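Please look over this model with me.

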Amino acid sequence: MAAGSSNYWEDLRKQARQLENELDLKLVSFSKLCTSSRDGRRDRYSSDTTPLLNGSSQDRMFETMAVEIEQLLGKLTGINDKMAEYTNSAGVPSLNAALMHTLQRHRDILQDYTHEFHKTKANFLAIRERENLLGSVQKDIESYKSGSGVNNRRTELFLKEHEHLRNSDRLIEETISIAMATKENMTSQRGMLKSIQSKMNTLANRFPAVNSLIQRINLRKRRDSFILGSIIGICTILLLLFAFH
């Protein structure tokens with residue numbers, strides 16, 4: 001019975017690690033897709049042509065990848081729930097620190113992936129919304145200029161307003177690029193930390209005294225991540241306020 005329970009737990013851990021690896025690869029590709037779409041859109045604007053993202057292949061790829069990532073997140077959530085049920089079952093000691101620590105680590109990874117997915121998706125949708133707005137303004141200006149009885153003064157005001165919007169959008173794009181570069185750097189560091197943490201978990205299973213030290217390290221890591229995220233968020237808000245002031 002004990003051997004069967006142990007095999008069940010290991011099978012759940014194997015499934016969780018496999019889904020986490022798939023999600024990691026999908027999120028990297030998802031981030032690159034959003035970045036390439038943003039850069040392509042900027043090139044199109046520099047030549048004053050039609051918007052890139054509306055009805056494009058990037059849009060369809062975005063929707064497809066978003067659905068796939070949501071499905072993987074759902075499967076990983078289900079695996080985590082099964083692991084939680086196992087730790088709470090009658091045949092498992094309630095004070096098994098190693099099991100609880102492993103479960104918490106998988107929950108943290110799921111939370112990080114979910115947050116990263118929603119953040120990248122929100123950035124992409126915000127870019128597409130601004131693109132639609134600027135494209136509509138551009139069309140209105142072109143239509144107004146080509147009409148009969150054009151009022152030069154009003155046309156000049158339209159052009160100045162459009163230029164202001166483009167400059168503001170360019171500043172926002174630079175801010176997003178900085179944030180994306182910071183996120184990619186943190187993703188790389190997270191991979192290194194995952195490898196280190198896996199080795200530390202092995203030590204924790206062998207030496208229970210190390211477990212409390214690992215928990216304190218994880219607590220400090222989450223605190224540092226929260227502080228860094230707050231600083232990036234505040235800087236982004238200040239830049240947005242400055243751009244639209």
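The points below go from the overall fold to the aromatic rings.

1. Ground rules. This is a predicted model, where local features need pLDDT of at least 70, side-chain atom pairs count only at pLDDT 80 or more, and totals for chains, interfaces and linings use all residues. Residues are numbered from 1 along each chain as its sequence is written, and side-chain values use heavy atoms, with hydrogens and water left out.

2. Fold. The protein chain has 5 helices and 0 strands. Both are DSSP runs, numbered from the N terminus: helices are H or I with at least four residues, strands are E with at least two.

3. Burial. The protein chain has 245 residues, and 33% of them count as buried. Buried means under 20% relative accessible area, exposed over 50%, and partly exposed in between (1.4 Å probe, protein chains only).

4. Aromatic pairs. There are 5 in the structure. Rings of Phe, Tyr and Trp (its six-membered ring) pair if their centres lie within 6.5 Å; planes under 30 degrees apart are stacked, over 60 edge-to-face, and the rest tilted.

5. A tilted pair. Y8 and Y86 sit 5.9 Å centre to centre, with 50° between the planes. Y8 lies in helix α1 (residues 2-46) and Y86 in helix α2 (residues 57-87), 78 residues apart. Y8 is partly exposed because its relative accessibility is 39%. Y86 is at 12%, so Y86 counts as buried.

6. A stacked pair. The ring centres of F62 and F124 are 3.9 Å apart and the planes meet at 15°, so this pair is stacked. F62 is in helix α2 and F124 in helix α3 (residues 97-146), 62 residues apart. Both F62 and F124 are buried.
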